[in-house]
Amino acid sequence: AEVLTDPAESPYNFVVAPTYSDQMRVALDYIAAKDPTAQVAVFHHDSPFGTAPVADGEKWVKDKGYQLGYKAYAMKTGATDYIGLLQQAKDQGAKYIVIQNVSSPAAVVARDIAAQQLDMTIVCLNWCADELFIKTAGAAAEGHLMVQPFAPPGANKPGHQPIREYAQSKGIDLDAKGLHFVQGWYTMHVMAKGIEKVLTDGKEVTGPNIRAALETMPAVDTGGVIGPVKFSADSHRGSTASGIYQVSGGKLTEVAAAVVPKS
């Protein structure tokens, strides 16, 4: 959530990848470029996690002067289908369903779209933009779009090489582990860089010293796995760049790399 990037509100939170709101902005920019008058339905988890990017998305549409329609729908937890919500989205005229939720309910939406033969494209934000969505949705996942800040192993970025080498040394199948293993790796890589700077500066490894190091150190290069990560004392938003992927042949296929919200 974007509030976690404000040091005044969350002094010890450092967000290495784009916020949910930045991902929403990327998604809306992409949709507006493809179909300037499209209706967009936002399906979201019924919680602060789910609603985090909703208002910012609506504001983005207005601020950019987009002619997109925009309406949000809360997803009931534990629902066995989302046909009712999809009917509401159909009544809206929605062509795109942006989902701010985890993989399993998003996969249910994909299967319902296929079963109802609806002309709608899902755009998953990061927590449903993964291999689990594809595995759970099966053939119904094909063609849907993913806004994912962390490049999956199959994208073969230079930054994947050290992870592959480690995985091979431990007998780990990185492709089977998937993008969340990569996500964990580079989240801790950035943290370790902060700790390294504390030690290099000859200081004690404490929370305040790690915070100060993270706020002042040079940008961390992740070899294209995420955008360069740079913090400051004024902002703990490390990066604004996301990849855009499409499910093709049961895999995440890169459509565009390092996409940032339009200035």
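Predicted model: local features only at pLDDT ≥ 70, side-chain atom pairs only at ≥ 80, totals over all residues.
View 1. Residues are numbered from 1 along each chain as its sequence is written, and side-chain values use heavy atoms, leaving out hydrogens and water. The protein chain has 10 helices and 7 strands; these are DSSP runs numbered from the N terminus, helices being H or I with at least four residues and strands E with at least two. A compact globule of 263 residues would have a radius of gyration near 18 Å, so the 19 Å of the protein chain agrees (taken over C-alpha atoms; the rule is 2.2 Å times the number of residues to the power 0.38).

**View 2. Strands β6 and β7 form a hairpin.** Here β6 (residues 242-248) runs antiparallel to β7 (residues 251-259), with 6 bridges between them; strands pair if DSSP finds at least two bridges. Look for Tyr245, whose bridge partner in β7 is Glu254. The hairpin has 2 residues between its strands, and Gly249 in the turn has a positive phi of about 60°.

**View 3. The largest pocket holds about 290 Å³ of space.** Among its 17 lining residues, Val15, Ala17, Pro18, Tyr20 and Gln183 are the closest to its centre. A pocket is an open set of points on a 1 Å grid over the protein atoms alone, where a 1.4 Å probe fits and protein lies on both sides within 12 Å along at least five of seven lines; lining residues have an atom within 4 Å of a point. Helices α1 (20-34) and α9 (179-200) each supply at least two lining residues. By class, the lining has 11 nonpolar, 6 polar and no charged residues; Ala, Val, Leu, Ile, Met, Phe, Trp, Tyr, Cys and Pro count as nonpolar, Asp, Glu, Lys and Arg as charged, and the others, Gly among them, as polar.

**View 4. The second largest pocket has about 240 Å³ of space.** Its lining includes Glu131, Ile134, Asp175, Gly250 and Lys251. Both α6 (131-137) and β7 supply at least two lining residues each. This lining has 4 nonpolar, 2 polar and 3 charged residues.

Definitions and conventions: Points joined across faces, edges and corners; volume = space filled by probe spheres on them.
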